[in-house]
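Please consider each of them with the sequence and the model at hand.

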Amino acid sequence: MREAFDIFDQNSSGYIESFELRNVLQAMGQNPTQKEIDSIIQEADFARIMKSYVFKNSTEIDNELLTAFQVFDRDKNGFISRQELEFVLKSIGEQLTTEEIDELFRSADANEDGKISYKEFVVLFSQPASAKGQKQQQT
Ligand SMILES: [Ca+2]
Ligand SMILES: [Ca+2]
């Protein structure tokens with residue numbers, strides 16, 4: 001969120017000013033009038049601006065991740081337990097050892113409370129592939 005805010009807040013004033021909003025909208029191919037800018041500034045909160053202009057695509061990604069999360073969260077308590085992770089991985093045919101599942105679970109469970117929240121799940125799947133799977137294949 002902070003990063004996205006900085007895209008708008010080009011002079012780092014901590015506020016999004018109308019010329020900054022205009023610059024960003026123009027960079028995205030929008031051509032708003034000053035009146036439109038003013039009314040956006042006045043009426044729209046920042047979250048709504050971001051949602052409609054910046055994160056259109058990431059919202060779609062979020063929906064996919066949420067669907068995936070719900071597949072893992074079999075008892076629908078809002079968290080993925082170690083058992084749920086293992087069950088789903090095995091049911092989709094992943095041949096993982098107990099150690100590998102432990103490792104995956106630990107890397108996902110950022111706050112180490114023994115369960116994977118949706119936030120942690122998103123982080124796990126948003127990581128660049130290079131951050132995971134760097135294990136050397138020894139033959
Ligand atoms: Ca669960
Ligand atoms: Ca956790």
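1. Phenylalanine 69 is in contact with Tyr118 and Phe121, when neighbours within four places in sequence are left aside. The model in which these contacts occur is a predicted one. Phe69 and Phe121 both belong to the largest nonpolar core, whose six residues also include Ile80, Leu85, Phe105 and Ile116.

2. The protein contains eight helices and two strands. Along the sequence they are arranged in the pattern α-α-α-α-α-β-α-α-β-α.

3. Of the 139 residues in the protein, 6% are buried. Among contacts with a separation of 6 or more, 27% are between residues 24 or more positions apart.

4. Phenylalanine 87 is part of helix H6, which covers residues 82-91. Phenylalanine 87 is classed as partly exposed because 13 C-beta neighbours lie inside 10 Å. Its C-alpha is 9.3 Å from that of arginine 74, a residue 13 positions away in sequence.

5. Lysine 76 deserves a check of its backbone. Most residues other than glycine have a negative phi. The phi of lysine 76, however, is positive, near 55°. This residue is found in the loop between helix H5 (56-72) and strand S1 (79-81). Lysine 76 has 7 other C-beta atoms within 10 Å and is therefore exposed.

6. Glutamate 112 sits in the loop between helix H7 (98-108) and strand S2 (115-117). Glutamate 112 counts as exposed because it has 7 C-beta neighbours inside 10 Å.

Technical notes: Residues numbered from 1 in each chain as written. Chains lettered and ligands numbered in written order. Predicted model: local features only at pLDDT ≥ 70, side-chain atom pairs only at ≥ 80, totals over all residues. Core = buried A, V, L, I, M, F, W, Y, C linked by C-beta atoms within 7 Å. Buried ≥ 20, exposed ≤ 12 C-beta atoms within 10 Å, placed from the backbone. Contact = placed C-beta atoms within 7 Å. Helix = DSSP H or I, 4+ residues; strand = E, 2+ residues; numbered from the N terminus.
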